[in-house]
Amino acid sequence: GSMLSVALMLNACATQPVTGPVEVLHAAAHCPGDPQRQVRLIEDQSALDALWRRGLGGLAASAPTPDFSRKRVIYLADSEKPTAGYGLRLSSPEMTVSRGVATVQVETSAPVGHAAQMISRPCLLLALPDGNYQRLDVLDRERLVWAALQLKGWGE
């Protein structure tokens with residue numbers, strides 16, 4: 001019977017939600033990249049530095065230096081907008097993981113009243129806690145999938 005109890009324990013662990021704080025490393029109103037919505041895994045510090053140099057950091061001198069051995073760093077950018085005043089923020093610092101899918105929630109905001117005519121593209125740079133998840137779902141305020149990212153399994 002010992003094999004059965006081990007299997008049950010392993011199964012219980014697999015469905016246990018892994019939660020942890022999501023850290024906002026950077027948020028900006030105008031970010032580099034494609035005109036469409038984007039969600040991307042930043043693999044290492046050199047990739048983050050390259051994105052930073054492309055204009056992510058604005059006037060900030062240097063990129064953040066998250067611990068890539070313990071975090072997954074995600075770049076989220078909204079689609080291009082015709083005016084200033086659009087925003088993108090993390091709704092909650094909680095991340096949940098269920099059946100290999102990690103979920104974080106964001107909120108987008110639109111300008112109120114008259115906004116300057118300029119292309120803007122809000123984005124977030126997030127550090128997610130490590131875990132055994134293969135996909136990231138980013139949900140909006142209505143809990144609809146705003147963006148999704150297929151990740152390699154940890155350690156693959």
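A: The turns below go from the overall fold to single residues.

Q: What kind of model is this, and which elements does the protein chain have?

A: The model is predicted. The protein chain has two helices and ten strands. Read from the N terminus, the order of the elements is α-β-β-β-α-β-β-β-β-β-β-β.

Q: How many of the contacts between residues at least 6 apart in sequence join residues at least 24 apart, and what share of the residues is buried?

A: Of those contacts in the protein chain, 75% link residues at least 24 apart. As for burial, 42% of the 156 residues count as buried.

Q: How is a sheet read, and in what order do the strands of the open sheet lie?

A: Pairing in a sheet goes through backbone hydrogen bonds, and it is either parallel or antiparallel. Here four strands make an open sheet in the order β2-β8-β4-β3, with antiparallel pairing. Its edges are β2 (23–28) and β3 (38–42), each of which pairs on one side only. From one strand to the next, the twist averages 20°.

Q: How many bridges join β4 to β8, and which residue stands opposite V73?

A: β4 (residues 71–77) and β8 (residues 123–129) run antiparallel and are joined by seven bridges. Opposite V73 stands A127 of β8.

Q: Which strands does helix α2 lie across?

A: Helix α2, residues 45–56, lies across β2, β3, β4 and β8. Relative to β3, helix α2 runs at about 140°.

Q: How is a nonpolar core read, and which residues of the largest one touch the most other members?

A: Nonpolar side chains in soluble globular proteins tend to be buried together. The largest nonpolar core in this model has 21 residues, and those touching the most other members are L76, M95, V106, L128, L136 and V138. At least two residues of this core come from each of β4, β5 (87–90), β6 (94–98), β7 (101–109), β8, β9 (135–139) and β10 (145–150). Another core, of 16 residues, lies apart from it and includes C31, I42, F68 and L125.

Q: Leaving aside neighbours within four places in sequence, what is L136 in contact with?

A: With those neighbours set aside, L136 contacts V39, I74, A102, V104, L128, A147, A148, L149 and L151.

Q: How do β9 and β10 pair, and where does R143 lie?

A: β9 and β10 pair in the antiparallel sense over five bridges. One of the bridge pairs is R135 with Q150 in β10. Five residues lie between the two strands of this hairpin, and R143 is in that loop between β9 and β10.

Q: What is phi at R99, and where does R99 lie?

A: R99, also a residue other than glycine, has a positive phi near 50°. R99 belongs to the loop between β6 and β7. With a relative accessible area of 70%, R99 is exposed.

Q: How are aromatic rings read, and how many aromatic pairs does the structure hold?

A: A ring pair is described by the distance of the centres and the angle of the planes. This structure holds zero aromatic pairs.

Q: Which charged residues sit over the rings of Y133 and Y86?

A: Over the ring of Y133 sits the charged end of R72, 4.3 Å from the ring centre. K81 lies over the face of Y86, 5.4 Å from the ring centre.

Conventions. Residues are numbered from 1 along each chain as its sequence is written. This is a predicted model: local features need pLDDT of at least 70, side-chain atom pairs count only at pLDDT 80 or more; totals for chains, interfaces and linings use all residues. Side-chain values use heavy atoms; hydrogens and water are left out. Rings of Phe, Tyr and Trp (its six-membered ring) pair if their centres lie within 6.5 Å; planes under 30 degrees apart count as stacked, over 60 as edge-to-face and the rest as tilted. A charge sits over a ring if NZ of Lys or CZ of Arg is within 6 Å of the ring centre and within 35 degrees of the ring normal. Two strands pair if DSSP finds at least two bridges between them. Axes are lines fitted to C-alpha atoms, for helices over the stretch in contact, and angles run from 0 to 180 degrees between N-to-C directions. Contact means heavy atoms within 4.5 Å. A nonpolar core is a set of buried Ala, Val, Leu, Ile, Met, Phe, Trp, Tyr and Cys residues joined through side-chain atoms within 4.5 Å. Buried means under 20% relative accessible area, exposed over 50%, partly exposed in between (1.4 Å probe, protein chains only).
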